[in-house]
Amino acid sequence: MNLDALYPWFFAIAAIIWLIITWQQNPPERRIKREAPSTPEPPPFLPNDIAVEMLDIGVMYVSADGVVLHHNPALRTVLRIDGGVDGQTIMSLVRDHQLDEFVRDTATKRVNDEMQLHQRNPSRTMRVVARPMVLPNEDVVVMVLIRDVTQINQLERARRDMIVSISHELRTPLAALKILSDTIVSQPPPEVAQRMAMRISDEVDALTRLVEDLHDLSQIEAGRIALQYAQYDTVALIQQAIERSTPQANAHHITLQATYPDTLPAVMVDRGRMAQVFLNLLHNAVKFTPDHGAIRVDARVVHLPSDGAALTNLPADHPPGEWMLLSIADNGVGIPLEHQHRIFERFYKVDQARTRGSGTGLGLAIVRHLVEGHGGRVWLSSTVGNGTTFYFTIPTAQSNE
Ligand code: ADP
């Protein structure tokens, strides 16, 4: 037998045996793992995960070395990114060392974690939650959820401020009520008891006003008050407001007069709510004007062009069209310039000492809501010592036709 002829067979059988041994030691999955790239692929379910795609919270899957593997559409909105995201590092996308370290740490420690991400220009706060996911191949991918909480934080701050203001406003009259009632309990002479009882009645009135204003404002702010529009004679509206404030003005010898052209178009307003606007502004005018002062109510029609060219003195964002411009001018104490931009905030008071009688600090906030609810605007001009003029606009009947 020629051995040379057997050599090819010998090599072929050896190769087959080697292949079988290698195959058994190295099944396909393990070989695939060895060949897999160092950056793990996103888990296969991610691109089809409709819930993640539709979330309005930004979601991204990041490799342990900080490379974004996959993201949902909301992420671009939350992080305000225009260009590509997948394949980019966190540092190149967000330029924030803290976030980069935070994600890497989560991958290393393999525990859920969360942080606040603060950005400047514009100032924003984001809540970031990271959760590590161990893939079947033992690689770690971090699922990062990012939510812009700037507005939620602002609302929370406003809510806290509101509680502080309300408790402060309640504390003062309650302390007075305690002292007054304790005095009465100690059986003072009848005339003192009578005085104390009258002051108790005043304090209770003030508290009732505060609670009513608070309730009103919360209803208006929550949009629970629907304005009932109807056509009203402007002059009648002004005259009624003046009549209602006359007793208060007379008590301090303050003259109250109105000036308007012979013909004025009717307005389209919620009459009850408009009366409340007039009353709050006139009440303040009387309160902040010394005895023998003067208050004037003026009315005229203005036509605002739609090209944004506003009349002098009107707010730049005033809607165009025909409007009734009303003003209530007093010659009282005035409002210092530095306080004027905050005057319509809830509970904002310039200085308790300047006022005759107490106030809730809610009147102007209510006025602004009601005027803006009618589509108009309210603003002021004031000089310390010379007086204050509040202006507001309301729709005329024609502007709604
Ligand atoms: P208040 O119940 O304290 O009057 P408002 O919201 O009506 O609350 O007014 C807020 C603050 O604005 C007042 O406390 C006062 O400091 C100031 N203010 C309002 N109207 C006038 C005015 N006509 N003249 C001077 N200051 C005013």
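## A first pair

Let's start with Arg342, which forms a salt bridge with Glu345, their closest N and O atoms being 2.8 Å apart. A salt bridge here is a side-chain nitrogen of Lys or Arg within 4 Å of a carboxyl oxygen of Asp or Glu. Arg342 is partly exposed at 33% relative accessibility, and Glu345 is partly exposed at 33% too. (Buried means under 20% relative accessible area, exposed over 50%, and partly exposed in between, using a 1.4 Å probe and protein chains only.)

## Where this comes from

This is a predicted model, where local features need pLDDT of at least 70 and side-chain atom pairs count only at pLDDT 80 or more, while totals for chains, interfaces and linings use all residues. Residues are numbered from 1 along each chain as its sequence is written, and side-chain values use heavy atoms, with hydrogens and water left out.

Helices (H or I, at least four residues) and strands (E, at least two) are DSSP runs, numbered from the N terminus.

Asp182 and Lys178 meet in a salt bridge at 3.2 Å, N to O. Both lie in helix 7 (residues 150–185), four residues apart, or about one turn of the helix. Asp182 is partly exposed at 38%, whereas Lys178 counts as exposed at 51%.

## The whole set

In total, the structure holds 13 salt bridges. Glu156, Arg159 and Arg160 are linked in a network of them.
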